[in-house]
Amino acid sequence: MPALSVNLCGVELPNPLVLASGILGTEAELMARVARAGAGAITAKSCSLVPRAGHPNPTVLAWEHGLINAIGLANPGVEAEAEELARAKALLRPLGVALIASVFADTVENFARVAGRVVEAGPDLLEVNISCPNVHDEFGTPFAADATAAARVTAAVKESVAGRAPVLVKLSPNVHDIAAIARAVAAAGADGITAINTLTGMVIDVHARQPILANRTGGVSGPAIRPLAVRCVYDIYRAVDLPTIGTGGVGSGRDAVEMIMAGATAVGIGSAVYGEGPEVFGRIAGEMAVLMAELGYQTVDEMRGAAHR
């Protein structure tokens with residue numbers, strides 16, 4: 001059977017399937033369960049400098065083609081998160097599964113501060129979440145929506161991390177030109193990219209005559225956004241020479257192969273875990289191997305970017 005192992009920013013993964021951030025919380029034991037179910041890497045929930053309560057319920061809705069959520073980046077703060085990450089790293093190391101920490105902040109300086117603290121816990125990679133609608137600069141603009149702001153965060157985090165972990169910058173689809181943002185963070189020193197975060201949407205209860213989520217709007221994920229995610233990964237692959245975790249609506253081996261053919265090095269799995277549980281990783285990995293054999297590929301590297309040739 002084909003080999004599924006990949007190298008992501010110098011970190012060896014047993015397969016390219018990555019648990020996306022924010023799906024299963026921050027508990028080390030739960031991350032280890034996902035690893036044993038077949039994930040190649042685990043992304044922890046994004047954390048900030050201080051604890052954050054998030055939005056009131058209802059915060060998540062499963063609709064016909066995926067999920068919409070407005071959890072509001074609830075997290076216990078970087079000190080508690082760092083302790084849990086250290087525990088998770090100890091559990092994941094013997095399984096050969098990489099740990100990706102994720103951070104967000106309200107200023108460039110705080111991005112650097114939270115990143116510098118988190119890497120002390122020893123994650124294999126660091127994801128910088130500049131793309132959540134709840135994360136914006138002093139002018140109310142999401143950092144991911146402005147190339148200059150995105151570059152400033154990237155450079156500050158790189159300086160703070162000081163080579164202790166490769167830095168992945170998570171980009172938003174809610175922009176005019178995602179390739180331009182990718183070029184900006186690449187020039188600022190990013191080691192890799194995660195693409196994409198959710199799209200902003202709304203679902204209205206027609207009987208109540210109001211939006212269902214307490215926050216009114218939320219992030220749309222799941223199968224409905226996969227074609228857009230594939231297009232974004234395709235554009236990023238053409239724009240920069242950086243490894244990318246392609247994330248958005250992947251729920252099958254065929255979906256994962258499509259994302260890799262668009263240019264992804266690894267593939268994030270999020271909403272499918274919500275619906276099926278951690279066992280989705282083993283199923284998708286098995287489907288990938290079967291399809292790769294049918295297509296004549298022996299390694300993931302052979303098919304990466306195939307849609308560009």
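Modeller: Salt bridges link Arg 226, Arg 254, Asp 255 and Glu 258 into a network. A salt bridge here is a side-chain nitrogen of Lys or Arg within 4 Å of a carboxyl oxygen of Asp or Glu. This is a predicted model, in which local features need pLDDT of at least 70 and side-chain atom pairs count only at pLDDT 80 or more, while totals for chains, interfaces and linings use all residues. Numbering starts from 1 along each chain as its sequence is written, and side-chain values use heavy atoms, with hydrogens and water left out.

Asp 255 is buried, at a relative accessible area of 7%. Arg 254 counts as partly exposed, at 43%. The cut-offs are under 20% relative accessible area for buried, over 50% for exposed, and partly exposed in between (1.4 Å probe, protein chains only).

The structure holds 15 salt bridges. One of them joins the side chains of Arg 87 and Glu 29, at 2.2 Å from N to O. Arg 87 sits in helix H2 (residues 78-92) and Glu 29 in helix H1 (residues 28-36), so this pair ties together parts 58 residues apart in sequence. Helices (H or I, at least four residues) and strands (E, at least two) are DSSP runs, numbered from the N terminus. Both partners count as partly exposed: Arg 87 at 38% relative accessibility, Glu 29 at 42%.

Asp 301 and Arg 304 form another salt bridge, their closest N and O atoms 2.7 Å apart. Asp 301 is partly exposed, at 48%.

Now the rest of the fold. Eight strands close into a barrel with parallel pairing, in the order E3-E4-E7-E8-E9-E10-E15-E16. Two strands pair if DSSP finds at least two bridges between them. Strand E3 (residues 17-19) and strand E4 (residues 41-43) run parallel and are joined by two bridges. Val 18 has Ala 41 in E4 as its bridge partner.

The largest nonpolar core has 102 residues. Such a core is a set of buried Ala, Val, Leu, Ile, Met, Phe, Trp, Tyr and Cys residues joined through side-chain atoms within 4.5 Å. Leu 126, Ile 130, Ile 269 and Met 288 have the most contacts inside this core. Helix H9 (residues 280-295) gives the largest share, seven residues.
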